[in-house]
Amino acid sequence: MADTTPATRAIEVRNLHKCYGDNEVLKGIDFHVDAGQVVCVIGPSGSGKSTLLRCVNRLEEPTSGQVIIEGIDITDENTDLDAVRSRIGMVFQQFNLFPHMSVLRNLTIAQQRVKKRSKDEAVAIAKANLEKVGLLGKADAYPAHLSGGQQQRVAIARALSMNPDMMLFDEPTSALDPELVGDVLQVMKDLAAEGMTMMVVTHEMGFAREVGDKLVFMDGGVIVEEGDPRQVLGNPQHERTQAFLSKVL
Ligand code: ADP
Ligand code: MG
């Protein structure tokens, strides 16, 4: 089949289905993120947001449908999955830092092992990214000695150190104490302003409104509604969107 995906399309998901046994969790998702866009995904717990995100870099195997990253179908068995994955940075709710390594080592290890960078180069890139998230002074600290917000900023810097074309965030601030959320969101805002392509599962409606180019509302494994965030948040068209927003806004 000829691929008609425009070059500017970073992520394209076509008729994506995902089943766990008899439980169909994604029921035909069509959606895309263009290069440089920030797309936020909201929806109730269990609606399939994390599963969708994980299918985008094939941490989960889709049951059927296509996921096309920068024009490359990663559901095609001939695709070099590692090569495509290396273009995608991922940040989780739980920061997943290596606890027995310093912050700096957390940022250099994959650069050296996967990207085959020299130690000096990896350290230079790591330090530049730590500076970007405001944590250059913590290079020698261990994760346990950092606040949750600092750990999450390190996780973002670690992902950035691999020079991804796009970043996926799965509720990056949901595990944080409220006073720590702002610093992480600020780092994400800066990243968006630099033109990073981002797909963000979040409950931070302010972030979605301010930074998002598009807002997607999922419920029960389908996209119920999507559009301009101000439109969706301010004037939701579907009853299910209205019901959800009335609980969270
Ligand atoms: P959300 O992120 O929107 O809260 P998830 O994508 O995590 O939703 O989960 C959607 C549904 O899929 C839930 O019913 C959940 O129990 C189920 N699910 C998620 N991961 C698995 C798994 N590995 N095995 C079985 N069921 C799963
Ligand atoms: Mg989730």
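Is K18 buried or exposed, going by its relative accessible area?

A: K18 is buried, with a relative accessible area of 7%. Buried means under 20%, exposed over 50%, and partly exposed in between (1.4 Å probe, protein chains only). The model is predicted: local features need pLDDT of at least 70, side-chain atom pairs count only at pLDDT 80 or more, and totals for chains, interfaces and linings use all residues. Residues are numbered from 1 along each chain as its sequence is written, chains are lettered from A and ligands numbered from 1 in the order written, and side-chain values use heavy atoms, leaving out hydrogens and water.

Now look for a partner. K18 forms a salt bridge with E60, and their closest N and O atoms are 3.8 Å apart. This pair links distant parts of the chain: K18 sits in strand 1, while E60 sits in the loop between helix 1 and strand 4, 42 residues apart. (Helices, H or I with at least four residues, and strands, E with at least two, are DSSP runs numbered from the N terminus.) A salt bridge needs a side-chain nitrogen of Lys or Arg within 4 Å of a carboxyl oxygen of Asp or Glu. Side chains of opposite charge can pair when their charged atoms come close. E60 is buried too, at 16% relative accessible area.

Stay with strand 1 for a moment. It spans residues 9-20 and also holds N15. N15 has a positive phi of about 45 degrees, although it is not a glycine. N15 is partly exposed, with a relative accessible area of 42%.

R58 is in the loop between helix 1 (49-56) and strand 4 (64-69). Just after helix 1, R58 takes a positive phi of about 60 degrees. R58 is buried, with a relative accessible area of 17%. Helix 1 itself has 6 of its 8 residues buried, so it is largely enclosed by the rest of the structure. Those buried residues are K49, T51, L52, L53, C55 and V56.

Next, the other salt bridges. The count comes to 13. One of them joins K189 and E210, with the closest N and O atoms 3.5 Å apart. K189 lies in helix 6 and E210 in helix 7 (residues 205-211), so this pair ties together parts that are 21 residues apart in sequence. K189 is partly exposed, at 22%. E210 is exposed, at 56%. E226 and K214 form another salt bridge, again with the closest N and O atoms 3.5 Å apart. That pair links strand 10 and strand 9 (residues 214-219), 12 residues apart. R9, E12, R14 and D34 are linked in a network of salt bridges.

R117 is buried yet has no salt bridge; the nearest side chain of opposite charge, E121, is 4.3 Å away. (Lys and Arg count as positive, Asp and Glu as negative; His and the chain ends are not counted.) R117 sits in the loop between helix 3 (103-113) and helix 4 (119-132). Its side chain makes a polar contact of 2.8 Å with the side chain of Q111. Another, of 2.5 Å, reaches the side chain of N163. A polar contact is a pair of N or O atoms within 3.5 Å; within protein, one must be able to donate a hydrogen and the other to accept it, and residues adjacent in sequence count only if both atoms are side-chain atoms.

Finally, the nonpolar interior. A nonpolar core is a set of buried Ala, Val, Leu, Ile, Met, Phe, Trp, Tyr and Cys residues joined through side-chain atoms within 4.5 Å. The largest core has 47 residues, and I156, M167, F169, M188, M198 and F207 touch the most other members. Helix 6 (residues 178-193) gives the most to this core, with 7 residues. Apart from it lies another core of 27 residues, including V13, L16, C55 and V201.
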